[in-house]
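Q: I would like a close look at one part of this model. Please keep it brisk.
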Amino acid sequence: MIIAWRNDVRSDGLAGQEREPGEIDTSVAHVARVYDYLLGGRANFAVDRAAAERAYAAWPGGLDGVRADARAHRAVLGRIVRYLTREAGIRQFLDIGTGIPREDNVHEVAQREAPESRVVYVDRDPIVLAHAHQLLRGTPEGSTTYVYGELREPRAILDAAARTLDFSRPAAVMLFGILHFFSDAEDPRGVVGQLAAPLAPGSYLALSHLAGDVEAEALAETFRRLNAAMAESVTLRGRDEVAGLFGGLELVEPGVVQLPQWRPEAGTAAAGPLPMWCGVARKAG
Ligand SMILES: C[S@@+](CC[C@H](N)C(=O)[O-])C[C@H]1O[C@@H](n2cnc3c(N)ncnc32)[C@H](O)[C@@H]1O
């Protein structure tokens, strides 16, 4: 069963796939907890920290380098949500692969710009579910909902999200740091297409993806180590492959770029090569 938490009221039994939250498994590293560790959080275990320290020693700049890059990832997520609310007029967000809550989650950034914004969060990791209540403190004018769901079941996610979002009006789907957990055989482009199909014209898709063509040797070694230690397995992709994930949607300027280059704001850290691509695209009217 998909489990949804809506503001502070829990409601079970949404129509959709059967999905029970699993146990929090501390015998193997999990990406939500590894990422939390990189960002200085406390929702991680020894197995996550050990995997991160061994794998990210091979990242450009080592553990300090990946920590700076993880902060750059959160920063561009914020810039993109600000762009979508301020310039694109978006008031509805579906954030899939939410991660353990931090400061400046999607609803906080969106509702600072437009308090009436509605946000549905989706993640499949039980540790994110355990912290999901932190995501449900939005503005009274807006709405935040958490759905325990799996991106490999896009139809079930859309059905659950439709209880909060009106898909006859423009919405933004955020796929930040999640599609690299899909192998080519799992057809990530097809999954994106299924999510985009029911969206109204004027909707947006924003995504980020680990790069296979920036600092390629260091990244290959990092994920050789991490894939051996982590429950999820990463597939690195080059810029053209990442651009291809947008399917027929129209990329907005500056297209698919490394994180610091996406519409930098005053204070955006100037970084050297950062092995992660991001972009935003619009569904034509
Ligand atoms: C690297 S974190 C990204 C967190 C956040 N989106 C950000 O950019 O800061 C990736 C998240 O995606 C989730 N995830 C990975 N594969 C997933 C899937 N197939 N369905 C739902 N969530 C998934 C993980 O549990 C994790 O919390």
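What is the volume of the largest pocket?

A: The largest pocket has a volume of about 710 Å³. A pocket is an open set of points on a 1 Å grid over the protein atoms alone, where a 1.4 Å probe fits and protein lies on both sides within 12 Å along at least five of seven lines; lining residues have an atom within 4 Å of a point. The volume is the space filled by probe spheres set on the points, which are joined across faces, edges and corners. This is a predicted model, where local features need pLDDT of at least 70 and side-chain atom pairs count only at pLDDT 80 or more, while totals for chains, interfaces and linings use all residues. Residues are numbered from 1 along each chain as its sequence is written, and side-chain values use heavy atoms, without hydrogens or water.

Start at the centre of the largest pocket. Val 31, Phe 176, Gly 177, His 180 and Phe 181 are the closest to it, out of 42 lining residues. Helices (H or I, at least four residues) and strands (E, at least two) are DSSP runs, numbered from the N terminus. The largest share, six residues, comes from α3. By class, the lining has 25 nonpolar, eight polar and nine charged residues. Here Ala, Val, Leu, Ile, Met, Phe, Trp, Tyr, Cys and Pro count as nonpolar, Asp, Glu, Lys and Arg as charged, and the others, including Gly, as polar.

The largest pocket is where the ligand sits (more than half of its atoms lie within 2 Å of the grid points). Around the ligand are 20 residues, each with a heavy atom within 4 Å of it. The closest are Tyr 35, Arg 74, Gly 97, Asp 123 and Glu 150. In this shell, eight residues are nonpolar, six polar and six charged. Both α1 and α3 supply at least two of the shell residues. α1 gives the most, with three.

Next come the polar contacts (pairs of N or O atoms within 3.5 Å; within protein, one must be able to donate a hydrogen and the other to accept it, and residues adjacent in sequence count only if both atoms are side-chain atoms). Asp 123 uses its side chain: a polar atom there lies 2.6 Å from a ligand oxygen. Arg 124 uses its backbone, with a polar atom 3.4 Å from a ligand nitrogen. Leu 151 also has a backbone N or O atom, 2.9 Å from a nitrogen of the ligand. On its own, the ligand has 610 Å² of accessible area, and the protein covers 98% of that (areas use the Shrake-Rupley method with a 1.4 Å probe).

Finally, turn to the second largest pocket. Its volume is about 520 Å³. It has 28 lining residues, and the closest to its centre are Ala 68, Arg 71, Ala 72, Ala 75 and Ala 269. α3 gives the most to this lining, with nine residues. The classes are 14 nonpolar, four polar and ten charged.
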